[in-house]
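Student: I have a sequence and a structure to look at. Can you take me through the spaces and the packing inside?

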Amino acid sequence: MFFFKKKFEDLTENILEKTEDLSDKELFELASYDPDSAERVAYSDYSYWRSTFRVFLKSRVAFGLLCLMVFVIIFALIQPYLPNQRDPIEIFINPETGRQFRNVPPGEEGFFFGSNNIGQDLWARIWSATRTSLFIAFAVASVDVTFGILIGALWGYVRALDRIITEIYNVFNNVPNTIVLVLFTYVMSPGIRTMIIAMCVIGWIHMARFIRNQIVIIRDREYNLASRCLGTGTFRIIIKNLLPYLVSVIMMRMALSIPGTISSEVFLTYIGLGLPIDTPSLGNLLNEGRLRMMSPTQRYQLWFPLAVISMITISFYVMGNAFADAADPKNHV
């Protein structure tokens, strides 16, 4: 220990001796003003969304399901325009017997997925039902997310609106969703528009409540207080300061609302209040297949629409969670 202490003292003395021999001019050099250097700043090519998608694509399962859903949506849209496609509501007659092609097993008589009990092509009906159900799901999800975010942000940030919107929320929340859906179905004529309106009437309240709770947590942080002191407007604070922190949870809730809407449509059809029978939907097909469940040779009429519903539900659930994790700033820099 004494040896190292001695070495350190000797080294210090040598540095001091050399420093004393130098003049101040040799030790310090006055820096001149350079306009180019003053304008030069550090550059970073970081992009939040690029980083988010990079993290999302690292999840092979989520990326695979994303490709699957893109394929399903595109194929559902172009399927009617492909060659040798049949009308989903047309009843096909056997030219030899003059009777309907009832309950034809999959792969026979040109029916890829078989036929139902009145001779309609199940392949065409499933893709038509997928288009209908996805249209309803995306329409309802878009309305719910738009109104839910708008009302929830104002509810959570503007203190004067808290009591008013809370009372409105309590009124809507205490009314069961099933009663509202049934009431609108009875008042209005059954159809796609009726179902969308019925689901949107109270569908936004859950999203609004969720956004409100998240806004309350972060509204009084220092940067928000500083923005208010500088006179920043309410909507600018909400859009610039608050909502960017909620991108991950908003995307997850939106992804989960799509299969939730399809489940609601299936439930309404199951209790006989869904879309008309002449409008193919996944709920209608599932209800028709449920009636054939007791016959082993006709169970395919349930398995095919059930497989499509399960695929959509699982895909959006996994993608929603994966994208929420990828959008979290803690998972990427």
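Student: What volume does the second largest pocket have?
Tutor: This is a predicted model, so local features need pLDDT of at least 70 and side-chain atom pairs count only at pLDDT 80 or more, while totals for chains, interfaces and linings use all residues. Residues are numbered from 1 along each chain as its sequence is written, and side-chain values use heavy atoms, with hydrogens and water left out. A pocket is found on a 1 Å grid over the protein atoms alone, as an open set of points with protein on both sides within 12 Å along at least five of seven lines. Points are joined across faces, edges and corners, and the space filled by probe spheres set on them comes to about 300 Å³.

Student: Which elements give two or more residues to the lining of the second largest pocket?
Tutor: Lining residues have an atom within 4 Å of a point. Among them here are F53, F56, M251, M254, F316 and F323. Helices are DSSP runs of H or I, at least four residues long, numbered from the N terminus. The elements asked for are α4 (48-57), α12 and α14.

Student: How many charged residues does the lining of the second largest pocket have?
Tutor: Asp, Glu, Lys and Arg count as charged; Ala, Val, Leu, Ile, Met, Phe, Trp, Tyr, Cys and Pro as nonpolar; the others, Gly among them, as polar. This lining has 11 nonpolar residues and one polar residue.

Student: Which element supplies the largest share of the lining of the largest pocket?
Tutor: The largest pocket holds about 420 Å³ of space. Of its 20 lining residues, D144, N177, G203, H206 and S264 lie nearest the centre. α6, α8 (177-187), α9 (192-218) and α12 each supply at least two. The largest share, seven residues, comes from α12.

Student: Which element gives the most to the lining of the largest cavity?
Tutor: A cavity is a set of points where a 1.4 Å probe fits but cannot get out. The largest one has a volume of about 50 Å³. Its lining includes L181, T185, T194, M195 and A198. With three residues, the top contributor is α9.

Student: Which residues line the second largest cavity?
Tutor: About 30 Å³ of space lies in this cavity. Its lining divides into two nonpolar, two polar and two charged residues. They are N116, L122, R125, L285, E288 and Q301.

Student: Is N116 buried or exposed?
Tutor: N116 is found in the loop between α5 and α6. Its side chain reaches the backbone nitrogen of Q120 at 2.7 Å. Buried means under 20% relative accessible area, exposed over 50%, partly exposed in between (1.4 Å probe, protein chains only). N116 has 2% relative accessibility, so it counts as buried.

Student: Which residues does L122 touch, not counting residues up to four places away in sequence?
Tutor: Contact means heavy atoms within 4.5 Å. L122 also lines the second largest cavity, as does L285. The residues that L122 touches are F113, G114, S115, L285, Y300, Q301 and F304.

Key
A polar contact is a pair of N or O atoms within 3.5 Å; within protein, one must be able to donate a hydrogen and the other to accept it, and residues adjacent in sequence count only if both atoms are side-chain atoms.
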